[in-house]
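Morning, everyone. Please have a look at the model on the screen, and then I'll walk you through a few parts of it.

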Amino acid sequence: EAFEGMLINIPQTLYATDNYTHGRYGEVTLSVNDRQFNPTNVVEPGDDANAYQDLNDRSRIQMDDGSNVQNPLPLPPYLGPDNTLRAGDTIPSLTGVMGYAYGVYEIHPTEAVDFTRVNTRPVTADPVGGVLKVASFNVLNYFTTIDNGVWICGPSEDMECRGADTDEEFTRQRDKIITAITTMDADVVGLMEIENHITDEALQNLVTGLNDVVGPGTYAAIETGPVGTDAIKVAFIYKAGTVIPLGEYAILDSSVDPLFNDTKNRPVLAQTFQHTTGEVLTVAVNHLKSKGSSCDDIGDPDTGDGQGNCNLTRTDAAIALANWLATDPTGSLDSDILIIGDLNSYAMEDPIDALKAGDYTNLIESFVGEFAYSYVFFGQAGYLDHALTSPALLSRVMGTTVWHINADEPSALNY
């Protein structure tokens with residue numbers, strides 16, 4: 001059911017808050033007052049989060065290009081500098097015909113729409129200071145095994161491949177990731193969503209590509225082989241000239257603590273590194289269970305409080321993580337610990353509270369602030385990617401930042 005025919009004018013400044021289907025359908029979701037944030041990134045789960053979500057829902061409308069063409073070429077409408085439309089960009093007002101289709105109200109503009117680039121694409125990350133830089137990077141299913149529909153991936157080579165569908169697509173993905181990592185120039189990088197390849201081919205491929213750009217031997221990998229049973233895993237790369245691995249890596253899975261469910265969460269990888277100054281730091285990289293699929297099979301449903309599916313599973317994993325790190329699993333004899341990676345939990349959610357209860361400090365909250373984000377989901381920004389520090393390390397953290405190279409861009413500009 002659809003209707004059209006009502007001409008309206010919205011006189012307020014409108015913000016591009018969702019551009020996910022911009023490239024495919026020519027759609028942009030607009031909001032008043034500002035771009036929108038995920039409720040549990042800024043308020044407590046439960047009544048506060050649900051009220052915040054209700055306000056978000058009433059403060060947005062979809063703008064459509066008036067065409068039924070999918071994947072319009074050469075480019076979708078409303079693009080600005082760099083052939084992009086970034087979340088947060090604005091228009092001063094909007095006039096058009098309002099309709100209702102596919103479950104949403106939408107406006108078809110009757111006048112030219114020209115966005116102002118408010119959210120500039122940053123060439124580099126903001127400086128964080130210090131002598132040792134640690135980064136967290138989701139490589140969005142970096143698979144050297146091309147996904148041609150045959151289930152040959154994972155440690156048992158019987159899982160669906162999740163990465164590029166063609167060699168050309170993989171080359172685009174690889175080039176962008178190599179450019180991003182070399183530009184960040186971090187000494188230690190925790191990776192998520194790299195192929196859990198039986199011979200670690202994907203991780204080695206990435207290291208080779210980095211060193212082809214910045215020089216032989218610059219980057220090295222912590223060689224673990226397959227970790228866990230999923231098609232993807234977490235991993236570490238590091239700059240061999242500034243840090244060296246100290247001792248062996250350690251893995252947290254359900255064999256270490258049954259509270260950590262490794263059929264849902266990816267196992268945690270921890271490694272101690274020694275800087276050229278002699279300072280020692282243990283980093284634990286994570287990728288906890290997503291909100292996207294349910295945990296009903298283990299009695300952990302979406303309770304409707306804004307935290308989504310599998311909140312108990314992630315919270316238990318966070319508790320297990322804090323307890324495990326307290327045992328010094330890498331044998332570092334040092335209490336400087338940094339937790340990084342995709343915890344699939346927004347800032348105000350229970351898993352982050354559990355880590356705070358274990359005396360960890362949320363560095364993004366401390367250094368970037370309440371409205372920090374690294375991810376945009378259905379037009380609502382927030383951060384699932386975290387950096388949390390132990391008390392011993394906190395006073396020596398000089399800075400923390402999020403580099404907004406991907407989250408604000410239309411999905412059509414990915415690989």
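One term before we start: a residue is partly exposed when its relative accessible area lies between the cut-offs for buried, under 20%, and exposed, over 50%. Keep in mind that this is a predicted model.

Take Asp353. It sits in helix α7. Its relative accessible area is 31%, so Asp353 counts as partly exposed. Asp353 also belongs to a surface patch of negative charge, together with Glu44, Asp47, Asp48 and Asp350. Two elements, α3 (47–57) and α7 (350–357), each give two or more residues to that patch.

Now to strand β16, residues 280–287. How many of its residues are buried? Eight of the eight, so β16 is largely enclosed by the rest of the structure. In a regular strand, side chains alternate between the two faces of the sheet. Both faces of β16 are covered. On one side, Val280, Thr282, Ala284 and Asn286 are buried; on the other, Leu281, Val283, Val285 and His287.

Which strands pair with β16? β15, residues 266–275, runs antiparallel to β16, with seven bridges. There, Gln274 has Val280 as its bridge partner. Four residues lie between the two strands of this hairpin, and Gly278 has a positive phi near 95 degrees. β17, residues 337–342, is parallel to β16, over six bridges. Here Val283 partners Leu338.

Last stop: an open, mixed sheet of three strands, ordered β4-β20-β19. β4 pairs with β20, residues 380–382, in parallel over two bridges. Phe37 stands opposite Ala381 of β20.

Notes: Residues are numbered from 1 along each chain as its sequence is written. This is a predicted model: local features need pLDDT of at least 70, side-chain atom pairs count only at pLDDT 80 or more; totals for chains, interfaces and linings use all residues. Side-chain values use heavy atoms; hydrogens and water are left out. Patches are made of residues with over 30% relative accessible area and no salt bridge: like charges are joined within 9 Å, nonpolar side chains (Val, Leu, Ile, Met, Phe, Trp, Tyr) within 5 Å. Accessible areas come from the Shrake-Rupley method with a 1.4 Å probe; for residues, only the protein chains shown count as cover. A salt bridge is a side-chain nitrogen of Lys or Arg within 4 Å of a carboxyl oxygen of Asp or Glu. Lys and Arg count as positive and Asp and Glu as negative; His and the chain ends are not counted. The place of a charge is taken as NZ of Lys, CZ of Arg, CG of Asp or CD of Glu. Buried means under 20% relative accessible area, exposed over 50%, partly exposed in between (1.4 Å probe, protein chains only). Two strands pair if DSSP finds at least two bridges between them.
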